[in-house]
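Work through the exercises below with the sequence and the model open. Try each task before reading its solution.

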Amino acid sequence: MAVFTEVSPQDAAALIARLGIGELTALKGITSGIENTNYFADTSKGRFVLTLFERLSHEQLPFYLHLMKHLAQHGVPVPDPQSDETGEILHTLCGKPAAVVNRLEGSHQLAPDISHCESVGAMLARMHLAGQDYPRHQPNLRGLPWWAETIPVVVPHLTPEQRTLIEGELAFQQQVAASAAYAALPKGPIHADLFRDNVMFVGHQLTGFFDFYFAGVDTFLFDVAVCLNDWCTDLESGRLVEERALAFVGAYDAVRHLSSGERRLMPALLRAAALRFWVSRLWDFHLPRDASMLKPHDPTHFERVLAHRVAEPWHPGVI
């Protein structure tokens, strides 16, 4: 969430008025994130987030927005896209696709303890179950085909050691993805980017998941792995904190049981999730786009995470 497209208060106010959610009282750009333009938009009737989509098209966006609607209707706390008088939830602003959603209460928990990890694990499982009957389909756009396409672009910026690691891991993940065990993994809509800064808490009470704009249909296990690599990882070293990881997986499993096949492939999917974010951060770091408040993430963090997942494979065991 950075500001790539400047939105005037007048333009924002006109959209807010069309949605019938009060009069705009404040508009402030959000500095974190790197994909879309986001503003906090306060109105006389509530607090909202205005998003202009910089990469996703009008054709792709209904999958994400209607998924959020679907999850909200199934009791999962997610932002609710606001509709105009015709019922449309996808809008256009400054020539870009746009949406307005309600702003979740609370704040990020950037130093999670076991109870936070349990809350996220249980809610992620609820989200996976709620999405099983979602009728729309779109692949994970940052999945294996994207890694294979992007790695050759970033390789010229890497050291020989980094190149060996990233190309070797891509070959490994291609073998995993071609296996019968991988094909048997349960699939459905996943968040695919559920980091600490995409979840809100009031104290220890989880108040919502947001930023679904990397969502797609993929293995549920990949979503679990993405979370473990952030919520249950020591940010300094990149090592998995087993106490938190066991708590996360236990809480998830209590809501949606992990199959024996999922448990066996957990080490490989933890590596896949680390590779995905190392590749995307390398791309953003070495091939940046202009943005008035853009701060690319350090790619070396997920290089360390991947190296640890290769050297220290983690199995959740039987719960």
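**Exercise 1. Which residue takes a positive phi in the hairpin of β7 and β8?**

Solution. Start with the elements: helices (H or I, at least four residues) and strands (E, at least two) are DSSP runs, numbered from the N terminus. Two strands pair if DSSP finds at least two bridges between them. Strand β7 covers residues 199-202 and strand β8 covers residues 205-209. They pair in the antiparallel sense over 4 bridges. Phe-201 stands opposite Leu-206 in β8. The hairpin has 2 residues between the strands, and Gly-203 takes the positive phi, near 65°.

Now check the cover of β8. Buried means under 20% relative accessible area, exposed over 50%, and partly exposed in between (1.4 Å probe, protein chains only). In β8, 4 of its 5 residues are buried, and the strand is mostly covered.

Before going on, note the conventions. This is a predicted model: local features need pLDDT of at least 70, side-chain atom pairs count only at pLDDT 80 or more, and totals for chains, interfaces and linings use all residues. Residues are numbered from 1 along each chain as its sequence is written, and side-chain values use heavy atoms, with hydrogens and water left out.

**Exercise 2. Locate Ala-192 and Asp-211, two residues other than glycine with positive phi. Are they buried or exposed?**

Solution. Take Ala-192 first. Its phi is near 75°. Ala-192 is in the loop between β6 (187-190) and β7. With a relative accessible area of 2%, Ala-192 is buried.

Then take Asp-211. Its phi is near 60°. Asp-211 is in the loop between β8 and β9 (216-219). Asp-211 is also buried, at 17% relative accessible area.

**Exercise 3. How many aromatic pairs does a search of the whole structure find? Classify the pair of Trp-146 and Trp-283.**

Solution. Set the rule. Rings of Phe, Tyr and Trp (its six-membered ring) pair if their centres lie within 6.5 Å; planes under 30 degrees apart count as stacked, over 60 as edge-to-face and the rest as tilted. The search finds 10 pairs. The ring centres of Trp-146 and Trp-283 are 5.4 Å apart and the planes lie at 70°, so this pair is edge-to-face.

Trp-146 lies in helix α4 (residues 144-154) and Trp-283 in helix α9 (residues 260-286), so the pair ties together parts 137 residues apart in sequence. Trp-146 is buried at 10% relative accessible area. Trp-283 is partly exposed at 22%.

Finally, look for a cluster. Phe-53, Phe-63, Tyr-64, Tyr-134 and Tyr-213 form one.

**Exercise 4. Which arginines lie over the faces of Phe-40 and Trp-146?**

Solution. Apply the test: NZ of Lys or CZ of Arg must be within 6 Å of the ring centre and within 35 degrees of the ring normal. Arg-103 lies over the face of Phe-40, at 3.6 Å from the ring centre. Arg-142 lies over the face of Trp-146, at 4.2 Å from the ring centre.

**Exercise 5. Compare the span of helix α10 with its expected value, then find what its buried residues pack against.**

Solution. The expected span is 1.5 Å times one less than the number of residues. Helix α10 (residues 300-311) has 12 residues. Its first and last C-alpha atoms are 17 Å apart, close to the expected 16 Å. The buried residues of α10 include His-301, Phe-302, Val-305 and Leu-306. Contact means heavy atoms within 4.5 Å. The buried residues of α10 pack against α5 (160-177), α7 (220-231) and α9.

**Exercise 6. Describe the surroundings of Ile-16.**

Solution. Ile-16 is in helix α1 (residues 9-19). Ile-16 is buried, with 2% relative accessible area. Leaving out residues up to four places away in sequence, Ile-16 touches Ile-21, Gly-22, Leu-24, Ala-41, Thr-43 and Val-100.

**Exercise 7. What share of the 319 residues is buried?**

Solution. Buried residues make up 54%. The protein has 10 helices and 9 strands. Its C-alpha trace spans about 55 × 45 × 35 Å along the principal axes.
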